[in-house]
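Dear colleague,

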Amino acid sequence: MRLSRYFLPILKETPKEAEIVSHRLMLRAGMLRQEASGIYAWLPLGHRVLKKIEQIVREEQNRAGAIELLMPTLQLADLWRESGRYDAYGPEMLRITDRHKRELLYGPTNEEMITEIFRAYVKSYKNLPLNLYHIQWKFRDEQRPRFGVMRGREFLMKDAYSFDLDEAGARRAYNKMFVAYLRTFARMGLKAIPMRAETGPIGGDLSHEFIVLADTGESGVFCDRDVLDLPVPGEDVDYDGDLTPIIKQWTSVYAATEDVHDAERFEREVPQERRLNTRGIEVGQIFYFGTKYSEPMKALVAGPDGAEVPIHGGSYGVGVSRLLGAIIEACHDENGIKWPEAVAPFRVAILNLKQGDAATDGACEQLYRELSAKGVDVLYDDTDQRAGAKFATADLIGIPWQVLVGPKGLAEGTVELKRRADGTRCNVALAEAVARLT
Ligand code: ATP
Ligand code: MG
Ligand code: MG
Ligand code: MG
């Protein structure tokens with residue numbers, strides 16, 4: 001992509017409405033535009049990152065055996081009356097009436113709809129286990145939308161729903177999602193800690209929230225520092241094998257949200273110097289809720305003995321759009337964002353430090369051609385801005401690798417390669433730069 005032809009509306013001034021650094025940086029870097037309170041347009045740079053994050057979530061769901069489908073954003077109110085949640089959900093639910101006076105709602109979550117789909121087709125235990133997910137926009141009319149994508153009203157969520165014959169099966173499904181979440185967040189360069197959590201309006205009796213520690217987080221959390229160093233399962237993890245050793249390892253170290261915190265146990269189990277009481281961002285949550293939906297909604301399957309039983313369910317959410325904020329909170333400095341490579345909007349930025357100089361232009365074009373041909377996502381800053389402004393833009397938008405190309409270096413046959421994460425730089429020949437970046 002040539003920056004001169006791209007749509008990257010960088011803001012010079014720091015927007016006053018943004019209270020936290022991730023929100024400020026997303027606005028300044030031209031990633032996001034607020035269209036209404038808690039409702040955003042995703043500008044091209046933000047959209048690229050959103051898609052990268054979504055794809056990592058998808059790959060790890062698929063790896064764990066979940067199957068993707070897509071449900072609509074609008075749902076019938078009557079469906080929610082079956083579970084009893086239409087009235088229980090309260091003012092967070094956006095209720096809509098169509099021209100025929102039918103009551104609809106913009107889905108805040110999908111337990112009811114997926115249960116309706118399941119019961120229409122699945123009648124036998126032989127079709128279990130089953131885990132279906134989608135990545136779809138949700139709407140919750142939050143009392144206080146704030147912090148940009150962290151607490152939006154419209155936001156992108158991955159939500160998966162598991163169906164099993166009994167509790168033991170449902171726990172295996174839960175464990176798979178637990179491990180998939182460990183891998184998902186680690187791939188994005190995040191440390192997200194599974195913490196015991198309250199089940200809330202979803203219902204049920206087993207739940208973990210995945211929390212990224214950050215002072216700006218809205219959740220109070222308590223944990224043993226040791227949990228920060230536990231190993232994340234590799235991509236060779238066997239989802240059909242026994243995952244309980246991994247789950248045991250992660251759940252035997254104290255980690256709880258403030259809602260379920262047990263102060264006595266914390267003090268008994270965790271030595272003073274390892275006690276951490278801090279704040280964090282909820283990037284995902286998993287629930288086991290048993291027959292909470294299958295009983296009222298009659299999602300029954302015939303068991304091996306022919307008798308019909310309600311399935312045991314779980315649901316598993318990831319805040320896909322919230323993750324952009326969480327990653328920036330974790331990866332930035334005073335100059336801007338430092339994207340982990342896996343989610344960066346572009347992997348490489350080429351900075352032409354003397355636009356119009358034939359040798360410099362030529363070298364940049366060659367680099368741009370060769371990197372693009374090798375499938376590298378490149379943003380080529382071919383604008384007529386001063387070098388200083390180009391440095392500032394590249395740092396602000398957080399591209400992991402910058403190639404600085406100017407007449408001085410080229411006279412000696414080199415370009416400068418800068419790594420955004422730690423600021424390290426080195427001079428290399430053009431061909432060497434291409435080799436290192438591919
Ligand atoms: P919170 O406690 O932050 O209100 P929640 O517990 O209500 O979140 P869940 O129902 O568990 O949210 O939804 C799954 C995930 O969706 C959450 O873990 C979070 O990452 C994300 N999420 C929830 N509400 C929002 C929101 N208003 N804006 C952006 N992401 C959200
Ligand atoms: Mg909420
Ligand atoms: Mg919550
Ligand atoms: Mg939650």
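Predicted model: local features only at pLDDT ≥ 70, side-chain atom pairs only at ≥ 80, totals over all residues.

Residues are numbered from 1 along each chain as its sequence is written, and chains are lettered from A and ligands numbered from 1 in the order in which they are written.

The protein is divided into domain 1 (7–337) and domain 2 (346–437), with bounds that come from an automatic or database domain assignment. The centres of the two domains, taken over C-alpha atoms, are separated by 38 Å. Seven residues of domain 1 are in contact with five residues of domain 2, where contact means that the C-beta atoms of two residues, placed from the backbone, lie within 7 Å.

In the largest nonpolar core, which has 107 residues, those that touch the most other members are Ile 53, Met 177, Ile 350, Leu 367, Val 403 and Val 405. Such a core is a set of buried Ala, Val, Leu, Ile, Met, Phe, Trp, Tyr and Cys residues joined through C-beta atoms within 7 Å; a residue is buried if 20 or more other C-beta atoms lie within 10 Å of its own, exposed if 12 or fewer, and partly exposed in between, with C-beta atoms placed from the backbone. Helix 6 (residues 167–187) gives the most to this core, namely ten residues, helices (H or I, at least four residues) and strands (E, at least two) being DSSP runs numbered from the N terminus. Because domain 1 and domain 2 both give residues to the core, it lies between them.

On helix 5 (residues 111–121), the buried residues are Glu 111, Glu 112, Ile 114, Thr 115 and Phe 118. They cover an arc of only 165 degrees around the axis, so they are on the same side of helix 5, the arc being that of the directions from the helix axis to the C-beta atoms. The exposed residues Ala 120 and Tyr 121 are carried on the face turned away from that buried side.

Around ligand 1 there are 15 residues, of which Phe 155, Gln 285, Gly 317, Gly 319 and Arg 322 come nearest; a residue is near a molecule or strand if its C-beta atom, placed from the backbone, lies within 6 Å of it. Strand 13 provides the largest share of this shell, four residues.

With best wishes
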